[in-house]
Amino acid sequence: MREPRDPSLRRSVALFRAFLREQTDPEHCYGLLARDAVRQVERHVPLVGRTVVDVGGGGGWFTEEFRRRGAHAFLFEPDVRELHAGGRRPRGAVVADGYLLPLADATADVCFSSNVLEHVADPHTFLSEMVRVTRPGGLIYVAFTNWYSPWGGHETAPWHWFGAERARARYQRRTGRPAKHTLGENLFAVHIGPTLRHVRSREDVRLVAARSRYWPFLAHAVARVPGLREFATWNLLLILRRCPS
């Protein structure tokens with residue numbers, strides 16, 4: 001089946017439906033998301049023969065999709081439970097912290113991170129490490145769920161708008177189990193405006209694109225409007241180029 005155009009309503013609906021099946025059918029959900037994300041990368045760089053570093057890629061869906069498209073892809077994930085979720089055993093994975101990747105400078109043609117930035121306490125240091133391991137002229141792909149997005153609270157969303165602790169309590173009442181994510185521990189309130197200002201202030205990267213990852217139309221425009229973008233962007237995608245040293 002032909003993959004839907006990006007952006008488009010058909011694509012957004014397909015991704016949303018897959019997200020609703022994340023717990024029961026993670027292979028479908030993350031397989032679709034991986035194909036979508038890797039196509040976004042391929043718009044900017046041919047992948048055949050390129051070295052790709054997937055930082056925080058969980059069970060390896062993104063890494064596997066990069067390999068299917070001819071790249072030499074390597075997965076770095078700090079949480080062994082995420083690596084093995086659903087009985088998966090991703091080949092060639094390295095248990096490593098995204099703050100301190102066991103790689104030399106300028107190793108990767110593409111450094112990739114999908115929905116990790118909101119899970120690190122120091123996103124600026126995390127971004128700096130991604131930049132460090134990317135060669136000059138290489139591509140950096142960073143996508144994250146911003147806090148005021150309808151999905152910002154992850155499994156507790158959208159009730160996080162009324163307070164993180166209240167949202168966690170509601171989740172436990174409804175499900176009988178504690179929420180996986182706790183604000184300030186493994187989930188952090190990352191916002192679009194400060195993130196864009198930080199990226200634009202850096203001298204080691206050039207901002208190629210800032211857009212909503214999932215929005216079905218005007219994906220770039222919605223990310224340009226202060227205030228509105230914090231709610232309407234849903235998930236911010238940044239495409240960066242590493243500047244020459």
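Okay, glycine 70: helix 3 is followed by this residue, and its phi is positive, near 95°. Helices here are DSSP runs of H or I, at least four residues, and strands are E runs of at least two, numbered from the N terminus. Quick housekeeping: this is a predicted model, where local features need pLDDT of at least 70, side-chain atom pairs count only at pLDDT 80 or more, and totals for chains, interfaces and linings use all residues. Residues are numbered from 1 along each chain as its sequence is written, and side-chain values use heavy atoms, with hydrogens and water left out.

So, helix 3 itself, residues 61–68. Its buried residues (under 20% relative accessible area, 1.4 Å probe, protein chains only) are Trp61, Phe62, Thr63, Glu65 and Phe66. They pack against helix 2 (26–42), plus strand 1 (51–55), strand 2 (72–77) and strand 4 (108–114). Contact, by the way, means heavy atoms within 4.5 Å.

How do helix 2 and helix 3 cross? Their axes, lines fitted to C-alpha atoms over the stretch in contact, with angles from 0 to 180 degrees between N-to-C directions, come within 8 Å and cross at roughly 50°. From helix 3, the contact uses Trp61, Phe62, Glu65 and Phe66; helix 2 brings several residues, among them Pro26, Tyr30 and Val41.

Last stop, asparagine 146, in the loop between strand 5 (134–144) and helix 6 (164–175). Buried or exposed? At 0% relative accessibility, asparagine 146 counts as buried. Beyond neighbours within four places in sequence, its contacts include Arg229, Glu230 and Trp234.

Definitions and conventions:
Buried means under 20% relative accessible area, exposed over 50%, partly exposed in between (1.4 Å probe, protein chains only).
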